[in-house]
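Hi everyone, thanks for coming. Let me put the structure up, and then we'll walk through a few parts of it together.

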Amino acid sequence: MLCIATRHPQGIQNYAQNMWATTTYFKLCAKDVKMVSDDVRQSAWDVQQKLIEDAVGIDGLVEKLEETEAVYDLTGKEPIIVCIDERIIPTGTDEKHYYVRSAGTFILLDEESRKAFVESSGTKTGTWHKECGAATKNYGDTHPGAKPTSETIDTYAREFVESLEDSLGLETREIGIESPGFHPAIGAIYQGVDMDPFQIDMDLPKFFGINRNHTPKKYALEELKIALDIAFGHGFGDLFDKENPFYIIVAGNPNNPELCADNLCSEVNSVLENTPYKEKILVKAYDARI
Ligand SMILES: [Zn+2]
């Protein structure tokens, strides 16, 4: 198993240069974030940590993802686009479907890249969900000064995805989320391959999903930044530390030099250089058996 464990080293502390000051995003989100009590947050944390423990730690989980052929055998299955959000209920992944991920189903992606994503993934279905952070960000960018309600954002997310019926020929529908009002993600999977991680023989802890294999590097890394902002901003936040880090699992494509584990690991680490969270993040990378 190629498994690169990188606890990011002490490095540049130049937070002024970082791209994390997504203050607009946080200001917008703050209006909609329903604060949960410390007890609720701690309980959700305990559940996620237990799932990691059940997998015999992050190494065990990565091994399950690497070793389970069904995770990568997508023969006869159709891809459905869902948001990178970790709360998406995996009802779409069964013997007929698997997920490909894009924040807000393309809402932050340029038109050319949307078309390229659809072409390379072969998807025919897009979804929207409630409480979409990507839709919130896009709304803020396109409606400066506005203070939208959660209903406004939900409508905005739905109408955007419905517009893809005309522009990209996608069928669209809503997909549900678990734990509304709170983000219980303990990590992100940065994918150089299509995969169905729900096929492992245990409940998967909550991970954001980022399909680097269907998007340009710069954009995929923006999605990773959003995931980190959410997890550290209004997810488990200060519960992450060196001993209980936010995990980034890199699933590389050994047949593509650009998307192999080593290269994707370098991409991810280039982002972590400029985060204030870098000491609380652990990267695990492997090349998928495809
Ligand atoms: Zn979303």
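Let's begin with a strand pair: β2, residues 78-82, and β3 pair in the parallel sense over five bridges. Helices (H or I, at least four residues) and strands (E, at least two) are DSSP runs, numbered from the N terminus, and two strands pair if DSSP finds at least two bridges between them. Within this pair, I81 has V100 in β3 as its bridge partner.

Before going on, a word on the source: this is a predicted model, where local features need pLDDT of at least 70, side-chain atom pairs count only at pLDDT 80 or more, and totals for chains, interfaces and linings use all residues. Residues are numbered from 1 along each chain as its sequence is written.

Now zoom out to the sheet. It is open, with four strands in the order β3-β2-β4-β5 and parallel pairing. At the edges sit β3 (97-101) and β5 (171-174), each pairing on one side only.

Which helix lies across β4 and β5? That's α6, residues 150-168, running at about 170° to β4 (125-128). For the angle, axes are lines fitted to C-alpha atoms, for helices over the stretch in contact, and angles run from 0 to 180 degrees between N-to-C directions; contact means C-beta atoms, placed from the backbone, within 7 Å.

Next, V250: leaving aside neighbours within four places in sequence, its contacts include Y190, A261, L264 and V283.

Finally, D54, which lies in helix α2, residues 38-54. The C-alpha atoms of D54 and M202 are separated by 8.4 Å, though these residues are 148 apart along the chain.

Notes: Contact = placed C-beta atoms within 7 Å.
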